[in-house]
Amino acid sequence: MTKKEKNLNTNNKTFFIRVLQSLKRISPVYLIFVVIYAIVGYLNPNYRTFDGIFQFLRRSSPTVILAIGQMFVLVTGGFDLSVGSLISLVLFGSSILLGNDPANLGKTLAIIMGIGVLVGLINGSAVSYLKVPSFITTLGMLLLVKGAALYWVGGAPKGYFTENFRMFGRGYIENLPIVGRFPISLIVMLVIAIISYIIFHKTNFGKSVLAIGDNVRTSRLSGVNVRLVRLMTYVISSAFAVVSGVLIGGFGGISQTAGTGAEMQAISAAVLGGTALTGGKGSIPDTIFGALTLEAMFNLLNLLGLPKPYRDAIQGIIIVGAVAYGALSRRKDR
Amino acid sequence: MATTSIKTASNNHNWFKKTIRKIPPVYYFLVIVFVLFAILDQLFADGQMVSNPNIMMNIIIRSVALGIVAIGQTFVMIGASIDLSVTYVISITSVMSSYIMQGDPTKVPMAVIVVFILGAVVGLVNGLIITKLHVNSFIATLGTSLILKGMINASFANFAGEIPRSFELLGYGKIGPIPISILLLIALVAVGSFILERTKFGSHLYGVGGNMEVARLSGLRTDRVLIIAHILCSITAVLTGLFVVSRIRAGAPWIGPDGVYDLESIAATVIGGTALSGGRGDVWGTLAGVLIFGVLDTAFNQLGVNPYLKNILRGAIVVLAVASYTVRSKKDAS
């Protein structure tokens, strides 16, 4: 086809084709989510009620928050594999800091957030300034943070969470018109989602994150402080992991394995939402629906009676499949 | 007469110099680490690290498990690839072999054949995903690792089966005063070194790792080279799995992740002088990297370091050790 013909074609495009093409630009994750949720709702009528939908969203909120944080790092072309251990540290540490006294809540939240930011700073500095590849840095931190969590509690988590700590994860705002009750964790999730949307899609910082993932050299030449921006993405990821950990503590309570494997859920969710693991591509709404899709899949696995470990296998297939699909379609474009 | 003797003398001298120069610098580092911890041991513990030959032997035996798989990791890393799935290949090998053996010596050959085939298949799949689907090696092997993890945890929850007495020979047997396991490690390092330095495949691997495009343009079947490297790596993971199961007498799903073989084999390889970007490195260097980890492990035991604190130190050491190589590189990490 010559250039002229191509131009003619685009001019002659009907309205219908244009609509189709703009639909094509919408991530397929929304369709996948609707299909899977429909199957889940078909198998279990509970999922069709307002309360059921809120339950689902409430249970998904930690994964959503974690996935958003992870997406910031993935978009720069890195990984944060330490978030799962960080959640363990948050839960184990909170059980000690709370000391079974509700009055300690403020202090506890401040300290664990401080720890989270510190972990993010270490991850980010090692990657940005020591130039250690992110998967080695964050795998090392995974080991280190998990060790720190177990060292802190002396091998096994002790105590319990006070009610006001658990409220974030399992509390509801009661007596609302129409919907009945509204989960607090969903409010936390929405606030985080809106803030991240503004940061990622509306600010210069967000554009710098994307630019780094796309091409480090050109973004540096155009004046982006590559190292600082990269560092900040790890801080965001860690801080969101802390928030996610507090929510998980709310409905799951405390257990030895809490948080284990969360990093893979976050990566799978972000990838389902179309985030490119090679960097340079990502979107907050798509990532949120990626996380919801992953959670819907887990619910489906439960309803089908498959053992929990298959979740790992599914995540593995998602990650490899999505990346292979992306790599192959990019090659076709060339 | 006189001149010839002078000639041989100078030849000898040159040969000596050449050998010295051939010793990778990491061996000096190994000696420094050993001396440092031996002094700490003298000051703060019973000082048996130097005086007790059993402890020296222990350092080496501890290094065998990591050492075998690190040889494979060196191969893939020279090819500018990486293998994170070794952890679960080790787990699957240990569980499958002891499950098939069930303490029956006649079933040993069957079990060994099955796990080797399994390992080769995993390596083949890794290689195919990386070369044919063009998925980044880190993501591909992370994905296969998750899939293996899901499968193994869905099928086994605890120790499965047991190995017959005769199979313990691999872990505990001795030829004269020297443990078989150490001979195995040395033999494998020698074979690995021979393959890398003396065979066509070895030089092709360096070529592929150094510059994939140049290697392809000069007519190498780059895909095939990488796939073979991945199969070899998985097979070394199988050998490690067999060695570990012969030491602890029964396989369990957590054997791989507990040993952190993925991260530590990569770290040992990097410390041993293999470039993260590929194209450079050798197995003798890796052996020194592995021995450094062995020394640290034994020294921590001698000094009575808390096991959780040990993990904190391990994580920090891995990151800092890799950082000492990457910090000078001009390229940014991601």
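Two residues are in contact here if their C-beta atoms, placed from the backbone, lie within 7 Å. The legends below describe a predicted model.

**View 1. Chain B as a whole.** Among contacts in chain B between residues at least 6 apart in sequence, 79% join residues at least 24 apart. Chain B holds 16 helices and two strands. Its C-alpha atoms fill a box of roughly 70 × 60 × 45 Å along the principal axes. The radius of gyration of chain B is 21 Å; a compact globule of 334 residues would have one near 20 Å, so the value agrees. Of the 334 residues of chain B, 49% count as buried.

**View 2. Confidence along chain A.** The mean pLDDT of chain A is 89. In this chain, 95% of residues reach 70 or more. Among the elements of chain A, helix 6 has the highest mean pLDDT, 96. Helix 1 (residues 3-11) of chain A has the lowest, 52. Where pLDDT is low, predicted coordinates should not be read in detail.

**View 3. The side of chain A that touches chain B.** Here 45 residues of chain A are in contact with 40 residues of chain B. Three elements of chain A are listed as giving two or more residues to this side: helix 6 (105-128), helix 7 (134-153) and helix 15 (310-333). The residues on this side of chain A divide into 29 nonpolar, 11 polar and five charged.

**View 4. The kink in helix 4 of chain A.** Helix 4 of chain A spans residues 50-75. A kink of about 45 degrees lies at Ser60(A). The proline Pro62(A) follows shortly after Ser60(A). Just after helix 4 of chain A comes Gly77(A), with a positive phi of about 95 degrees.

**View 5. The surroundings of Phe165(A).** Phe165(A) sits in helix 8 (residues 163-170) of chain A. Is Phe165(A) buried or exposed? Phe165(A) counts as buried, because 21 C-beta neighbours lie inside 10 Å and the cut-off for buried is 20 or more. Not counting residues up to four places away in sequence, Phe165(A) touches Ser94(A), Leu98(A), Leu105(A) and Gly249(A). Take Leu105(A) from that list. Leu105(A) and Phe165(A) are 60 residues apart in sequence, yet their C-alpha atoms are 6.5 Å apart in space.

View 6. Strand 1 (residues 172-176) and strand 2 (residues 180-183) of chain A run antiparallel. Three bridges join the two strands. Ile173(A) stands opposite Phe182(A) of strand 2. The strands form a hairpin with three residues between them. In the turn, Ile178(A) has a positive phi of about 65 degrees. Why does strand 1 of chain A lie largely in the open? The number of buried residues among its five is zero.

**View 7. Ala80(B) in a loop.** Ala80(B) is found between helix 4 (53-78) and helix 5 (86-101) of chain B. Its phi is near 60 degrees, a positive value in a residue other than glycine. Ala80(B) has 21 C-beta neighbours inside 10 Å, so it counts as buried.

**View 8. Val260(B) between two helices.** Val260(B) lies in the loop between helix 13 (255-259) and helix 14 (261-271) of chain B. Val260(B) is not a glycine, yet it has a positive phi of about 45 degrees. Val260(B) is buried, with 21 other C-beta atoms within 10 Å.

Key. Residues are numbered from 1 along each chain as its sequence is written. Chains are lettered from A and ligands numbered from 1 in the order in which they are written. This is a predicted model: local features need pLDDT of at least 70, side-chain atom pairs count only at pLDDT 80 or more; totals for chains, interfaces and linings use all residues. A residue is buried if 20 or more other C-beta atoms lie within 10 Å of its own, exposed if 12 or fewer, and partly exposed in between; C-beta atoms are placed from the backbone. Helices (H or I, at least four residues) and strands (E, at least two) are DSSP runs, numbered from the N terminus. Two strands pair if DSSP finds at least two bridges between them. Ala, Val, Leu, Ile, Met, Phe, Trp, Tyr, Cys and Pro count as nonpolar, Asp, Glu, Lys and Arg as charged, and the others, Gly among them, as polar. The bend at a residue is the angle between axes fitted to the seven residues ending there and the seven starting there. The radius of gyration is taken over C-alpha atoms; the globule rule is 2.2 Å times the number of residues to the power 0.38. pLDDT is the predictor's confidence in each residue, from 0 to 100.
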